[in-house]
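Hi,

Here is the structure I promised to pass on.

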Amino acid sequence: MTTPIATSPDVIAEVRGKLGMITLNRPKALNALSLGMVRDLLALLLAWQKDDAILGVAIRGSNKDGVFGAFCAGGDIRFLHAAGSNGNPQLEDFFTEEYALNHLIHTLGKPYIAFMDGIVMGGGMGISQGGTLRIVTERTKMAMPETAIGLFPDVGGGYFLSRCPGAVGEWLALTGDTIGAGDAVAFGLADGCIPSDQQADLWETLASTDFANVEALTAVVRSRFVSVDAKTAEHRAEIDACFGLPDVAAIEQALQAGSDWAKAEAVTLCKRSPLMLHVVLEQIRRARKMTLAEDLRMERDMVRHCFYLRPGQSETIEGIRALAVDKDHNPQWNPARIEEVSTEQWQAFFDSPWPAHSHPLAMLKD
């Protein structure tokens with residue numbers, strides 16, 4: 001049985017069999033999340049969480065040719081730039097509600113099956129990493145590339161990246177490097193890989209099977225997993241040795257003295273916002289000792305500061321301008337060099353603008 005749900009054109013939802021099934025349908029923007037999409041997803045999941053007839057949830061993306069092919073490229077950064085530049089209060093709503101959505105997915109209490117095909121970045125990681133079954137394919141391109149736009153890996157990035165093995169979390173957070181299916185599985189950012197051409201069949205199987213229980217549902221998904229090689233396994237020792245160092249300057253220096261791969265990573269770091277590199281390193285290391293709710297509250301503090309701590313000097317607004325608005329790919333970072341960032345500058349991002357009882361995410365429970 002198929003029961004359509006009234007949603008927006010960008011979020012198509014239906015109940016099929018025992019599953020709530022969601023298709024992100026904003027292909028021209030690679031399914032980047034708008035505030036409206038976040039609100040649709042929140043409303044759906046809150047309703048399905050309480051519905052005993054819904055055994056689990058499945059979510060996929062779409063591309064210009066149909067379903068699958070792209071999952072979600074992140075948040076709508078053009079909106080963030082415009083809202084941050086113009087003082088639009090919906091900027092605050094977006095982050096508060098997006099982080100609440102991320103928390104809900106982690107704590108849904110039901111299977112949440114994310115088909116992470118194609119682009120899975122930023123906010124796309126936020127709506128998949130809390131899933132119980134995170135499926136990647138040979139087409140998956142996964143990253144948290146926020147330092148390239150003067151931001152940090154939010155949407156719970158501190159929590160899930162810090163739980164990667166060794167210093168992999170620091171590496172992915174600082175560089176924003178893209179990884180494929182094998183690395184995603186090896187680093188604990190995916191539960192298994194299936195061939196992309198088998199996704200449609202699995203989706204229909206989930207929709208048409210009268211599952212007796214959660215275990216039966218999970219077993220069907222896991223039975224489709226295939227083995228996949230981790231491409232960066234050969235660099236793990238160097239990742240841990242370099243990105244495990246105490247500060248950003250030491251990391252950069254070690255990379256410059258390392259292998260050809262390491263030297264290329266040093267070049268990447270030098271293109272990122274020096275200020276945000278310091279912020280991000282501290283974020284990952286603090287988050288390693290935090291619960292999810294604590295991490296999301298910290299990230300909500302940080303993102304407020306990204307736009308308002310330094311009026312007229314937001315690294316985030318400048319980074320988005322250079323990448324997506326003017327597209328000159330020449331951000332004017334301030335400070336311009338890693339060694340010019342003072343301790344006071346990056347530490348300020350961790351001071352909460354709100355007392356605990358009035359925090360926008362005070363309601364989140366661990």
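Of the contacts in the chain with a separation of 6 or more, 71% are between residues 24 or more positions apart; contact here means heavy atoms within 4.5 Å. Keep in mind that this is a predicted model, where local features need pLDDT of at least 70, side-chain atom pairs count only at pLDDT 80 or more, and totals for chains, interfaces and linings use all residues. Residues are numbered from 1 along each chain as its sequence is written, and side-chain values use heavy atoms, with hydrogens and water left out.

Now the overall build. The chain has 16 helices and 11 strands; these are DSSP runs numbered from the N terminus, helices being H or I with at least four residues and strands E with at least two. A compact globule of 366 residues would have a radius of gyration near 21 Å, and the chain agrees with that at 20 Å (taken over C-alpha atoms, the rule being 2.2 Å times the number of residues to the power 0.38). Buried residues make up 56% of the chain, where buried means under 20% relative accessible area with a 1.4 Å probe, counting protein chains only.

What about the inside? The largest nonpolar core holds 97 residues, and I22, L45, I127 and L189 have the most contacts within it. Apart from that one lies another core, of 17 residues, including F68 and L206. Such a core is a set of buried Ala, Val, Leu, Ile, Met, Phe, Trp, Tyr and Cys residues joined through side-chain atoms within 4.5 Å. If you click on L189, leave aside its neighbours within four places in sequence; among its contacts are then M116, M142, F160 and I179.

Last stop: S128, in the loop between α4 and β9. Is S128 buried or exposed? It is buried, with a relative accessible area of 0%. The side chain of S128 reaches the backbone oxygen of G124 at 2.8 Å. Not counting residues up to four places away in sequence, S128 touches F71, Y112, A114, M116, V120 and R134.

Cheers

Technical notes. Buried < 20%, exposed > 50% of the residue type's maximum accessible area, 1.4 Å probe, protein only. Polar contact = N/O pair within 3.5 Å; in protein donor to acceptor, adjacent residues only side chain to side chain.
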